[in-house]
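The following exercises are to be worked through with the sequence and the structure at hand. Each task is followed by a solution in steps.

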Amino acid sequence: MHHEMSLRPGSFGKIAEGSKRYELRLHDEKRRLISVGDTITFTCTADERTLQVRVVSLLPFASFAELYAALPLTECGYSEASAPNAHPRDMEAYYPPEKQEQYGVLAIGVECIRLPIERLSGEYSVRELSAADIPEMLRVARNNPLFYQYMRPDPTEENLAADLLALPPRRTLADKHFFGWFAGEKLVAMMDLIWRHPKPDMAFIGWFILDSAIQGKGLGRRLVGEVLTMLKSQGVNEVRLGRIEGNPQSEHFWHVCGFKENGLGYDTDDYHVVVMSKQL
């Protein structure tokens, strides 16, 4: 079963980043319909961003006093600094004491729903990239001078670190998959992918780079094909991307992968981006 709930910006951000693992609610009639394995779409009250999670546990308590005594408060929305001063009365700002007594309370254990990228390839190991991977990312980026001839500025550790966190409007890091294919410890390809963008049944490829040493053998097309197959299995009906106008290598590659210009595009300070799409 799927459920819809609203969340204030603070809680929304903490669930999206993974620091808040429990959403605290009254154990009322609506919450009694929730089962482990159900999904929830949270909508941020400030800007209508959405976030999809899976219910992994349901922990009912008679009161927030019992709940606060049983659960790690840093996983319930408090920071390390604020947790020592946390008090069950904090929840009275949201739920009057009489409602707490009437229904009891519930800790809903949640985890963000992510794409199964680790199952993408039998030939390579695939995982999300992090700041620790920036030296390898920089090596692969610098091995693609033609790409950066059109996409300025040149790659640096600083702008690659920024790329790891870059998001389009109204999306969260829970929607972003910046991942790499590895042969042992060596990075051979990387992709920046935004799930559920610009619509819930779509995905957007921010960029894809293959180590120049293994280009020209069909590997890039095969890796992209595996990603498209995985996205289709997750309910994605259309994939879009933006290529920089004038780059013949990029234009040819994405045409070979089955993408076509869809008439959309936009300008940056340095180049024009042509939007391409492919129906799955």
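A residue is called exposed when its relative accessible area is over 50%, buried when that area is under 20%, and partly exposed in between. The model used here is a predicted one.

**Exercise 1.** Determine whether glutamate 48 is buried or exposed, and describe its backbone.

*Solution.* 
Step 1. Locate the residue: glutamate 48 belongs to the loop between β3 and β4 (50–61).
Step 2. Apply the cut-off. The relative accessibility of glutamate 48 is 55%, and therefore this residue counts as exposed.
Step 3. Examine the backbone. Glutamate 48 has a phi near 65°, which is a positive value in a residue other than glycine.

**Exercise 2.** Identify the buried residues of helix α8 and explain how they are arranged around its axis.

*Solution.* 
Step 1. Helix α8 comprises residues 248–256, and Ser250, Phe253 and Trp254 are buried in it.
Step 2. These residues cover an arc of only 90° around the axis, and so they lie on the same side of α8.
Step 3. Recall the geometry of such an element: an α-helix has 3.6 residues a turn, so residues three or four places apart point the same way.
Step 4. Find the cover. The elements over the buried residues of α8 include the strands β9 (202–210), β10 (238–244) and β12 (272–279), together with the helix α7 (219–233).
Step 5. Inspect the two ends. At the N-terminal end, asparagine 247 caps α8, with a side-chain oxygen 3.1 Å from the backbone nitrogen of glutamine 249. After α8 comes glycine 258, which has a positive phi, near 95°.

**Exercise 3.** Which residues does histidine 27 contact, leaving aside its neighbours within four places in sequence?

*Solution.* 
Step 1. Histidine 27 is situated in the loop between β2 (22–26) and β3 (39–44).
Step 2. Its relative accessibility is 16%, and for this reason histidine 27 counts as buried.
Step 3. Once those sequence neighbours are set aside, the contacts of histidine 27 are Arg32, Pro60, Tyr103, Gly104, Val105 and Leu106.

**Exercise 4.** Describe the nonpolar surface patch that contains Leu165.

*Solution.* 
Step 1. Leu165, Leu167 and Leu173 make the patch, whose area is about 260 Å².
Step 2. Leucine 165 is part of helix α6 (residues 157–165).
Step 3. Leucine 165 counts as exposed because its relative accessibility is 56%.

**Exercise 5.** Characterise the protein as a whole: how many helices and strands does it have?

*Solution.* 
Step 1. The secondary structure consists of eight helices and 12 strands.
Step 2. Of the 280 residues, 46% are buried.
Step 3. The protein exposes about 14000 Å², of which carbon and sulfur atoms supply 51%.
Step 4. Consider contacts between residues at least 6 apart in sequence: 65% of them join residues at least 24 apart.

Terms used. Residues are numbered from 1 along each chain as its sequence is written. This is a predicted model: local features need pLDDT of at least 70, side-chain atom pairs count only at pLDDT 80 or more; totals for chains, interfaces and linings use all residues. Side-chain values use heavy atoms; hydrogens and water are left out. Buried means under 20% relative accessible area, exposed over 50%, partly exposed in between (1.4 Å probe, protein chains only). Helices (H or I, at least four residues) and strands (E, at least two) are DSSP runs, numbered from the N terminus. The arc is that of the directions from the helix axis to the C-beta atoms. Contact means heavy atoms within 4.5 Å. A polar contact is a pair of N or O atoms within 3.5 Å; within protein, one must be able to donate a hydrogen and the other to accept it, and residues adjacent in sequence count only if both atoms are side-chain atoms. Patches are made of residues with over 30% relative accessible area and no salt bridge: like charges are joined within 9 Å, nonpolar side chains (Val, Leu, Ile, Met, Phe, Trp, Tyr) within 5 Å. Accessible areas come from the Shrake-Rupley method with a 1.4 Å probe; for residues, only the protein chains shown count as cover. A salt bridge is a side-chain nitrogen of Lys or Arg within 4 Å of a carboxyl oxygen of Asp or Glu.
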